[in-house]
Amino acid sequence: MPIIKFLKEKKEIEVPQGAWLREEAVKAGINLNCGVNGIGASINKFVNCQSMGTCGTCRVLIKKGMENTNPMTLREKFKFKVPVPEPVPVCLMFIGHEKEMRLACMTQVNGDIEVESSPEFNLFGVNFFS
Ligand code: FES
């Protein structure tokens, strides 16, 4: 059975083949709906799209094992690549994380993965002013 390692939470869980990442995190008591840089995490835990792939609050980085997940879904591609007016457009958060960012609710786990919850959002980029 696949193992999901949550890096920030320092927790590992074993899940059935093909399990949904967000669903398994909720069962394990881990909140992946973290808002922007953790701001709003306590609200987003309850106020989210309930795994419809539309709110974008369950963004995670798959640090290892992306090959053990399903291909990016159409909803994720829309959310990450189409600039939609929102308080903070999710497509901006995707920049620089194209190979590792997923929506947890749209991610199926088929093998071992390592997950970073609540990816940092740096609007100006690391080296913007240097
Ligand atoms: S819970 Fe809303 S996009 Fe995943």
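Student: In what order do the strands of the open sheet stand?
Tutor: This is a predicted model, in which local features need pLDDT of at least 70, side-chain atom pairs count only at pLDDT 80 or more, and totals for chains, interfaces and linings use all residues. Residues are numbered from 1 along each chain as its sequence is written. Strands are DSSP runs of E with at least two residues, numbered from the N terminus, and two of them pair if DSSP finds at least two bridges between them. The open sheet has 5 strands in mixed pairing, and their order is β2-β1-β7-β4-β5.

Student: Which strands are at the edges?
Tutor: An edge strand of this sheet pairs on one side only. That holds for β2 and for β5, residues 101–103. The edge strands are β2 and β5.

Student: What is the average twist from one strand to the next?
Tutor: The angle uses lines fitted to C-alpha atoms and runs from 0 to 180 degrees between N-to-C directions. From one strand to the next, the twist averages 35°.

Student: Which residue of the β1 and β2 hairpin takes a positive phi?
Tutor: β1 covers residues 3–6 and β2 covers residues 11–14; they pair antiparallel over 4 bridges. Ile 4 stands opposite Ile 13, and Lys 5 stands opposite Glu 12. Between the strands are 4 residues. The one with a positive phi, near 55°, is Lys 10.

Student: Which strand pairs with β4 over 4 bridges?
Tutor: β4 spans residues 59–64. It pairs with β5 in the antiparallel sense, over 3 bridges. On β7, Ser 117 stands opposite Val 60. The antiparallel partner joined to β4 by 4 bridges is β7.

Student: What is the bridge partner of Leu 61 in β5?
Tutor: Leu 61 lies in strand β4. Two residues are in contact if their C-beta atoms, placed from the backbone, lie within 7 Å. Beyond four places in sequence, Leu 61 is in contact with His 97, Glu 100, Met 101, Glu 116 and Pro 119. Its bridge partner in β5 is Met 101.

Student: Why is Leu 61 classed as partly exposed?
Tutor: A residue is buried if 20 or more other C-beta atoms lie within 10 Å of its own, exposed if 12 or fewer, and partly exposed in between. Leu 61 has 18 such atoms within 10 Å, so its class is partly exposed.

Student: How many residues has the largest nonpolar core?
Tutor: A nonpolar core is a set of buried Ala, Val, Leu, Ile, Met, Phe, Trp, Tyr and Cys residues joined through C-beta atoms within 7 Å. Among those with the most contacts inside the largest core are Ile 4, Val 60 and Val 115. This core takes at least two residues from each of β1, α1 (21–27), β4 and β7 (113–117).

Student: What share of the protein's residues is buried?
Tutor: The protein has 130 residues. Of these, the share that counts as buried is 28%.

Student: What is the radius of gyration of the protein?
Tutor: Along the sequence, the pattern is β-β-β-α-α-β-α-α-β-β-β. The globule rule, 2.2 Å times the number of residues to the power 0.38, gives 14 Å for 130 residues. The protein comes close to this value, so it is as compact as a globular protein of that length. Taken over C-alpha atoms, its radius of gyration is 14 Å.
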